[in-house]
Amino acid sequence: MKLNKLDNYDMKILGILTIDCRTPDRQIGKKVGLSGVSVKSRITKMERAGVIQNFTMKVEPPALGYGIIYLTVPSDDEVDIVKKLKLIGELFFVVPCLGDVMACGIVVEKDIEQKIELVKNLISNARIVLTLDAKESEFRADLTKTDFKILEQLLKNPREKIDAIAKSTMLSTKTVTRTIEKFEANPAIQFTIIYDPRKLGKFIAFALLAMVQNDTGKVLKEIESGFGNYFWQVPFTAKEMLVLFMYSDNIYNADIMHHKIKHTDGIAFTEVFFPKKITMPTNWITNSIKNASRSEKLHVPIKQINM
């Protein structure tokens, strides 16, 4: 597929896949106005072209008992920054952006305040945007050993058919179906994709970070009423932070949207990031699964996940 042929249908399909990559092709087709066969063909072409790099799972660290540190670093030396981040904790995501700035998330097991000091010592010019401790986060998973077993299989292929998962895990299709439905209903767990921002052709993906002064839900609802058609992923909210994942057909329209959102009542500060590459390792999830497998209890206590 040539990049200049990427159209609005493709962007809508990508948007649905970022929210839930397990959505059946036929269902996607109904939402965007195409046949299931056409949707499948477009997804295959985008995979071959490298627009879709891989299908993956995103789990919010606090849901499994971990803390997380969100930060930005004014640097274009990804190798050096990643090396330093790994001394602090596990990588949640690393996103180099235009303007020589990197947006990062670090998964930490405990002593989050000490890890913050370590960030400041190792990366002196880092700006810590937000920290979340597992105890103060609204994200919860309450997973059983069976859930973790299925999660392990889904990490290998988030789009794998239920019959195949049941066969691999030696569980019933009913159990697998029930667990996947449980995952899909939980805002802390997402079936998603990693895409290449550089291969979107004329389209531009960007993240808009906003710090909210009052009711975050109310502010989000107002923004969504005016710009919901340009949302590309489920907005992320935590404490006073709101992150919108959006797209536009050109840089000027992206700037107009930013300007209008910036002046929405209740927003104190905004910042826009244009990603060049997206990395979202799942090693920390794999380690959590290994720890959970050692538990003797059906419902795995949080403290046994991040030992």
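The model is predicted: local features need pLDDT of at least 70, side-chain atom pairs count only at pLDDT 80 or more, and totals for chains, interfaces and linings use all residues. Residues are numbered from 1 along each chain as its sequence is written, and side-chain values use heavy atoms, with hydrogens and water left out.

**Exercise 1. The sheet with β3 at an edge**

Work out in what order the strands of the open sheet containing β3 and β5 are arranged, and which stand at the edges.

Solution. 
- Step 1: Start with the terms. Helices (H or I, at least four residues) and strands (E, at least two) are DSSP runs, numbered from the N terminus. Two strands pair if DSSP finds at least two bridges between them.
- Step 2: Read the order. The four strands run β3-β4-β2-β5, with antiparallel pairing.
- Step 3: Find the edges. β3 (90-97) and β5 (127-132) each have a single partner strand, so one side of each lacks a neighbour in the sheet.
- Step 4: From one strand to the next it averages 10 degrees. Axes are lines fitted to C-alpha atoms, for helices over the stretch in contact, and angles run from 0 to 180 degrees between N-to-C directions.
- Step 5: Check one pair. β3 and β4 (residues 101-108) are antiparallel and joined by seven bridges. Val94 stands opposite Cys104 in β4.
- Step 6: Place the helices. Contact means heavy atoms within 4.5 Å. Helix α4 (residues 78-85) lies across β2 (67-73), β3 and β4, at about 160 degrees to β3. Helix α5 (residues 112-122) packs on the sheet and touches β2, β4 and β5. The direction of α5 makes about 20 degrees with that of β2.

**Exercise 2. The sheet with β7**

Work out the strand order of the open sheet that holds β7 and β10.

Solution. 
- Step 1: Read the order. Four strands line up as β8-β9-β7-β10, and the pairing is antiparallel.
- Step 2: Neighbouring strands are turned by 20 degrees against each other on average, direction ignored.
- Step 3: Check one pair. Six bridges join β7 to β10. Val212 has Ile267 in β10 as its bridge partner.
- Step 4: Place the helix. α9 packs on this sheet, touching β7, β8, β9 and β10. Its direction makes about 10 degrees with that of β9.

**Exercise 3. Leu209 and its surroundings**

Is Leu209 buried or exposed, and what is it in contact with?

Solution. 
- Step 1: Locate it. Leu209 is in strand β7 (residues 204-212).
- Step 2: Apply the cut-off. Its relative accessible area is 8%, so Leu209 is buried.
- Step 3: List contacts, leaving aside neighbours within four places in sequence. Among them are Val129, Met241, Phe269 and Glu271.

**Exercise 4. Salt bridges**

Find what parts of the chain are linked by the pairs Glu271 with Arg127 and Asp25 with Arg159.

Solution. 
- Step 1: Set the rule. A salt bridge is a side-chain nitrogen of Lys or Arg within 4 Å of a carboxyl oxygen of Asp or Glu. The count comes to 10.
- Step 2: Take Glu271 and Arg127. Their N to O distance is 2.4 Å. Glu271 is in strand β10 (residues 267-273) and Arg127 in strand β5, 144 residues apart.
- Step 3: Take Asp25 and Arg159. Their closest N and O atoms are 3.3 Å apart. Asp25 is in helix α2 (residues 25-32), Arg159 in the loop between α6 (145-156) and α7 (162-169).
- Step 4: Contrast a local pair. Lys84 and Asp80 form a salt bridge, and both lie in helix α4, four residues apart.

Methods
Buried means under 20% relative accessible area, exposed over 50%, partly exposed in between (1.4 Å probe, protein chains only).
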